[in-house]
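Welcome! Please take a moment to look over the sequence and the model before reading on.

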Amino acid sequence: MTTPTTAEVDDATRAIFTGLALGDVEVLAEALELREVMQHRTGLDARTFGLVKIAALIALDAPPASYIWQIPNALDGGATPEDIVGVLRAIAPQVGGPRVMSAVPEIMVALGLSLPPEANV
């Protein structure tokens with residue numbers, strides 16, 4: 001498919017897409033509930049669960065929006081920015097430096113940090 005299609009989209013569906021595009025957590029209430037159930041099933045505490053998910057995002061070379069979602073979840077669970085640096089150091093030998101380095105700007109943005117002007121992102 002090389003050209004976008006025009007589809008009939010009702011107002012409720014349009015509102016959901018708009019909310020998701022803007023990162024509206026209320027739109028994702030069901031996903032938040034599922035996250036809590038998943039964490040409980042793992043037996044991991046909220047901090048560890050959040051850090052493991054960040055490690056998985058890095059390993060998968062996940063899209064930027066994934067970090068915007070998971071970093072705050074990990075922080076809410078008790079993780080610290082220093083813990084996230086620890087994750088980067090721990091997984092670099094397994095996932096490779098390039099994956100870690102490509103994740104860092106996304107993590108910085110998710111933490112509300114400005115990228116250095118010389119960053120080639």
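The short report below visits a surface patch, a loop residue and a helix residue.

## About the model

This is a predicted model, in which local features need pLDDT of at least 70 and side-chain atom pairs count only at pLDDT 80 or more, while totals for chains, interfaces and linings use all residues. Residues are numbered from 1 along each chain as its sequence is written, and side-chain values use heavy atoms, leaving out hydrogens and water.

## A nonpolar patch

On the surface, V9, I16, F17 and L20 make up a nonpolar patch with about 350 Å² of accessible area together. Patch members have over 30% relative accessible area and no salt bridge, and nonpolar side chains are joined within 5 Å.

V9 itself sits in the segment before α1 (11-21). V9 counts as partly exposed because its relative accessibility is 33%; the term covers values between buried (under 20%) and exposed (over 50%), with a 1.4 Å probe and protein chains only.

## A62 in its loop

Look next at the loop between α3 (46-60) and α4 (64-76), where A62 is found. With 13% relative accessibility, A62 counts as buried.

Beyond residues up to four places away in sequence, A62 touches L57 and Y67 (contact means heavy atoms within 4.5 Å). A62 and R99 are 37 residues apart in sequence, and their C-alpha atoms are 9.6 Å apart in space.

## Q70 in helix α4

Helix α4 holds Q70, which counts as buried at 8% relative accessibility. Which residues does Q70 contact, leaving aside neighbours within four places in sequence? They are K53, I54 and L57.

Conventions:
Patches are made of residues with over 30% relative accessible area and no salt bridge: like charges are joined within 9 Å, nonpolar side chains (Val, Leu, Ile, Met, Phe, Trp, Tyr) within 5 Å. Accessible areas come from the Shrake-Rupley method with a 1.4 Å probe; for residues, only the protein chains shown count as cover. A salt bridge is a side-chain nitrogen of Lys or Arg within 4 Å of a carboxyl oxygen of Asp or Glu. Helices (H or I, at least four residues) and strands (E, at least two) are DSSP runs, numbered from the N terminus.
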